[in-house]
Amino acid sequence: MQSKRVIASCAIRRYVTTLSHKCQQKSLQPTLPLDFCSVSNNDVYSLNRILHDLVKYGSLTSALHLFEEMPKRDVVTWNIMISGYSHYGFPRKSVYLYNKMVSQGIRENSSTFSFILSICANAGLYKEGLEILSRVVVLGFSMNLYIASALVNMYIQMGLTDVAFKVFYDLPKRNLPVWNLVLRGICEAGKPNEFLRLYSDMKLENVEPNGLTFCYLIRGCCIERLIDKGREIHSLVIKTGWLESNIFLANALVDFYSACGILVDTNKAFQSIPPQDVISWNSMVSIYAANNLLHEAVQVLEEMRLWDKHPSAMSFVALLNLSSRRKELLFGKQMHSFVMKLGFDYGNVLIQSALIDMYGKNDDIENSVSVFQSNPIRSLECCNSMMTSLLHLGVPQDVFELFSWMVCENIAFDEVSLSSTIKALSFYSSPSLDSCDLLHCCAIKSGFDFDIMVLCSLIDAYSRSGQIRYSQKIFEVFPSPNIIGFTSIINAYARKGMGCECLGLFEEMIQKGLKPDEVTFLCILLGCNHSGLVVEGKKIFDSMRLHGVFPDRRHYSCMVDLLGRAGLVIEAEELLNHASSAGDSVMWSSLLRSCRIHQNEHVGRRAAKKLMDLEPEDPSVWLQASNFYSEIGEFETAIYIREVAVARKMSRDIGYSLIRVHECH
């Protein structure tokens, strides 16, 4: 017994010294017993205070040593260590400690269950959480307000919103923290109907919201783009006076209006925030950059410098992404210099990745590779950006080599890496089936065989290799087909001339409530074109505006080709004249080719003249026009066109074919 007392006293002295040192670094005074030697081995209260302060000031290892040497522990002791491990990012160790506590016969209190259920919910340890729930019921804690709150949070995280609401509404009392907890969970789950219902019920129960409540309400409106409801909450925020006292709420309003695309109100919300708040400045830079407003983003950046505020890494990422989208290489280089001046270029994975992508999208492959190679740590994000840059520049072989290098260097790839590598196969007109199978097996082995991006890339790769049945099988195993999945399989069918199947999938997609986009319509029109389905193609084209999609030059070009192939050259010409891009030489070339096939002289003459006016320096255009006049018997005109082309010294590049010969040995 005496030896345990000595051990406890030594432990206290040692860890108090550690704690005092940490407190001195933080300029804090530790709250500890004055006479450490007087702390006995049975003084659990004082030891718990020391343990709590060790955890609080970041000495988790010292806290664990003290915990293990304590001769006596109560439930508070265990609670301190359980919450401490979770706070420093070790949720599974928290669960392990909880199970150890139960096995030693220590009975949980309400704080224990509240801690451990929250830990399980936030860490995704749902199985463990449900097992702990049985202890909650057995010990009679199921109606405890704080435990029930943690339980509601776990159910929401699991996606069981109906069960969460039942537990919530069965509570005999619901205070503001509980309402806030449920509102946060529903906002994160993206359930607009439940979110609005909760808000209405909260008002019916006369629960007064605070700044945190309004933050969650604004966030919910932001996620669902509920403009009218968001404006209503904004008015209530002003009326209750929370806007002046809660800076996070003011920033939430900036994010809300920017997400809804109302930049005027976004700027008004920004102007109401004190200039000392650096978060709002960086938010405005990112918002303007996301909306392609280069001048406004740079102006805010300049104002930040006048107020002596430093841009964040996320602001630079947004500006570099803007440079990528707008093909502004000079601006991107200026941002690179700014990043280097502030020291963000070294070791920041997000900025390194954005720089690689910026140079790649601006066709500056040398600088893109230079940034990648200069990075001391070749991270997954940088590798993915390098892959997308190589794909943009049409260098599929280097994508394969980079993926192989990642595997050899034990850099764990993700769905983006794998999808990019599979997409690289699409650069070959007929990728080998062995390559498709190899990457498909890699997807299955790595657990990405149900990722939407990977599956869509596999559908495209298999269809290009001629194995449309494999594309069909992949689409059938989609966990929940979305617009991207349907578009991928429709494109695969269109490539093989299976127009009827494209139309069938389009109807199925509409029945599922999915909204087609411009790419979906283009794939369907291509399928109709390759199958000669003129009537069906016209119906699809006419229905585009009903779905809120306006045809562009690609859709018009496809329809002109479809009508021209069917011999409806007059109708094709009328459609082309009404197109928004009536000056597209590709469409007129397609129309002239159809006129030659179907021997329509009148439309052909107009098409040939229009084509030569649009492309006066293109030798292939003049040759096509010359051949047309030769076919209709106007040889003098054909010779004249060729002489003009020669006089202008037009010449065509010589084409060549490549044939692979499999030799037998």
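What follows is a conversation about how some features of this predicted model get their labels.

Guide: Welcome! The model is predicted, so local features need pLDDT of at least 70 and side-chain atom pairs count only at pLDDT 80 or more, while totals for chains, interfaces and linings use all residues. Residues are numbered from 1 along each chain as its sequence is written, and side-chain values use heavy atoms, with hydrogens and water left out.

Visitor: Why is helix 23 called roughly parallel to helix 25?

Guide: The axes of helix 23 (residues 380-392) and helix 25 (residues 415-424) cross at roughly 20 degrees and come within 9 Å. Angles under 35 degrees count as roughly parallel, over 145 as roughly antiparallel, 65 to 115 as roughly perpendicular and the rest as oblique, so helix 23 is roughly parallel to helix 25. Those angles run from 0 to 180 degrees between N-to-C directions, with axes fitted to C-alpha atoms over the stretch in contact. Helices here are DSSP runs (H or I, at least four residues), numbered from the N terminus.

Visitor: Which residues of helix 23 and helix 25 meet?

Guide: Leu380, Asn384, Met387, Thr388 and Leu391 in helix 23 meet Val416, Ser417, Ser420, Thr421, Lys423 and Ala424 in helix 25, where contact means heavy atoms within 4.5 Å.

Visitor: What makes Ser315 buried?

Guide: Buried means under 20% relative accessible area, exposed over 50%, and partly exposed in between (1.4 Å probe, protein chains only). Ser315 has 1% relative accessibility, so Ser315 counts as buried. This serine lies in helix 19 (residues 313-326). Leaving aside neighbours within four places in sequence, Ser315 is in contact with Asn282, Val285 and Ser286.

Visitor: What about Lys361 and Asp357: is each one buried or partly exposed?

Guide: Lys361 is partly exposed because its relative accessibility is 24%, whereas Asp357 is buried because its value is 12%. These two form a salt bridge as well, the closest N and O atoms being 3.0 Å apart.

Visitor: How many salt bridges does a search of the whole structure find?

Guide: The search finds 17. Among them is the pair Asp552 and Arg554, at 2.9 Å, N to O.

Note on methods. Helices (H or I, at least four residues) and strands (E, at least two) are DSSP runs, numbered from the N terminus. A salt bridge is a side-chain nitrogen of Lys or Arg within 4 Å of a carboxyl oxygen of Asp or Glu.
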